[in-house]
There are 2 protein chains.
Amino acid sequence: MSLRHALLGLLSERPASGYDLLKTFETSLANVWPATQSQIYTELTKLAGSGLITVTAEGPRGRKEYALTDDGMTELRHWLTETRPQRNTRSDVLLRVFFLGVLRPEQARDYLSSLIEMSQEGYEQLRRLADSIDWDDDNLSVHGRIALEYGLRFNAMRREWAEWAAEQIK
Amino acid sequence: MSLRHALLGLLSERPASGYDLLKTFETSLANVWPATQSQIYTELTKLAGSGLITVTAEGPRGRKEYALTDDGMTELRHWLTETRPQRNTRSDVLLRVFFLGVLRPEQARDYLSSLIEMSQEGYEQLRRLADSIDWDDDNLSVHGRIALEYGLRFNAMRREWAEWAAEQIK
DNA sequence: GTTAGCATGTAACAAGTTACATGATTAG
DNA sequence: CTAATCATGTAACTTGTTACATGCTAAC
């Protein structure tokens with residue numbers, strides 16, 4: 001149930017509406033925890049119901065601005081310090097690798113080539129993102145930068161692995 | 001809907017019962033595409049219903065052995081060659097990184113330390129697994145080895161990243 | 001005979017996706 | 001005035017998890 005905690009986390013930075021949060025999920029959080037509009041609004045209603053967040057302002061077009069409550073902050077800290085992440089690795093990319101044997105070798109190598117390309121593009125996209133942001137010294141910046149670095153290293157690793165793997169298939 | 005394709009893929013190696021497949025999911029496929037007993041049996045029934053697999057034998061204790069049909073093999077190849085994997089990266093581990101700013105620096109570093117430990121353990125577990133298997137030249141071995149190499153590189157990358165990240169938090 | 005492991009099935013629930021539905025406000 | 005964007009909500013469906021339920025067979 002991490003969507004809940006993603007929302008609490010974002011609201012710990014500043015109050016925001018469902019729509020604001022949706023935009024954040026579409027941009028900075030998209031690579032880490034994608035969420036849909038319907039999911040976000042539903043979860044916000046639940047969070048408000050259980051008192052972890054509260055409506056602090058109402059604007060035009062029915063806009064509701066939510067803010068974290070003390071209970072919400074406690075829950076966020078609890079999640080960060082007391083619960084262990086589970087490496088739930090479900091990987092579409094890797095699952096296919098197991099079954100490349102049903103293809104002809106050149107088809108299998110095509111698949112790995114597409115992974116190389118995908119990794120390269122992912123790398124470059126993140127590079128551009130890193131360059132386009134002017135990083136401050138605030139929490140969001142420091143930790144956003146760290147997450148981005150992960151993405152860069154991940155894509156570089158995957159690219160090198162796929163190149164190595166293509167050589168293994170004779 | 002990759003569970004479907006995972007099952008088709010495993011059945012492309014050899015016919016198997018739900019129970020056999022469950023064991024495979026618990027061991028070799030656990031790191032890549034975990035699946036529960038209930039999911040597997042439900043999906044096998046559906047696959048048999050749509051003609052992608054078929055019951056080839058019945059054994060003691062109601063055991064049903066399934067095999068891939070021609071349609072099933074076609075579907076498997078189609079999945080491998082015509083559909084692109086989506087890097088659906090939903091990562092519990094990384095999501096937390098975004099919000100480490102709500103913790104005290106030493107708590108944040110504790111979290112990164114636990115990631116270092118987790119990565120190290122993951123690496124060693126895979127090393128042991130690699131050593132315990134006697135790799136043949138068959139498809140399963142070649143591609144299983146490639147997937148395992150991914151796991152090794154991934155854990156090494158994550159460990160180095162977490163070490164670097166811990167230094168960034170002052 | 002009794003325990004471990006083989007073997008399947010289903011129900012209830014939680015989480016995530018897609019699509020539908022509605023309407024207000026602002027900028028050009 | 002009209003199109004883009006802001007803004008929320010809900011229904012139907014799919015996928016995944018947890019728990020319950022049942023019974024057979026082989027080995028000791």
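The legends below describe close-up views of a predicted model containing chain A and chain B.

**Figure 1. Domain division of chain A.** Chain A of the predicted model is divided into domain 1, residues 2-82, and domain 2, residues 92-168. Taken over C-alpha atoms, the centres of domain 1 of chain A and domain 2 of chain A are separated by 29 Å.

**Figure 2. The annotated N-terminal span of chain A.** An unreviewed UniProt entry carries the annotation "domain: Transcription regulator PadR N-terminal", which covers residues 7-77 of chain A.

**Figure 3. The interface of chain A and chain B.** The contact draws 63 residues from chain A and 63 residues from chain B. About 6,500 Å² is buried between chain A and chain B, and carbon and sulfur atoms give 71% of that area. On the side of chain A, the residues that lose the most area to chain B are Phe98(A), Phe99(A) and Tyr150(A), together 12% of what that side buries.

**Figure 4. Polar contacts and helices at the interface.** Between chain A and chain B, 17 residue pairs are in polar contact, with both residues at pLDDT 80 or more. Helices H1 (2-13), H4 (70-82), H5 (92-98), H6 (105-132) and H7 (139-168) of chain A each supply at least two residues of the side that touches chain B. The most is given by H7(A), with 16 residues. By residue class, the side of chain A that touches chain B comprises 33 nonpolar, 19 polar and eleven charged residues.

**Figure 5. A salt bridge in helix H2 of chain A.** Over all chains, a search of the whole structure finds 18 salt bridges. In chain A, the side chains of Lys23(A) and Glu26(A) form a salt bridge, at 3.4 Å from N to O. Lys23(A) and Glu26(A) are separated by about one helical turn because they stand three residues apart in helix H2 (residues 18-26) of chain A. Side chains of opposite charge can pair when their charged atoms come close.

How values were computed. Residues numbered from 1 in each chain as written. Chains lettered and ligands numbered in written order. Predicted model: local features only at pLDDT ≥ 70, side-chain atom pairs only at ≥ 80, totals over all residues. Heavy atoms only, no water. UniProt positions renumbered as here; feature names shortened; annotations may be inferred. Contact = heavy atoms within 4.5 Å. Buried area = accessible area lost by both parts, 1.4 Å probe. Polar contact = N/O pair within 3.5 Å; in protein donor to acceptor, adjacent residues only side chain to side chain. Helix = DSSP H or I, 4+ residues; strand = E, 2+ residues; numbered from the N terminus. Nonpolar A, V, L, I, M, F, W, Y, C, P; charged D, E, K, R; others polar. Domains from an automatic or database assignment. Salt bridge = Lys/Arg side-chain N within 4 Å of Asp/Glu carboxyl O.
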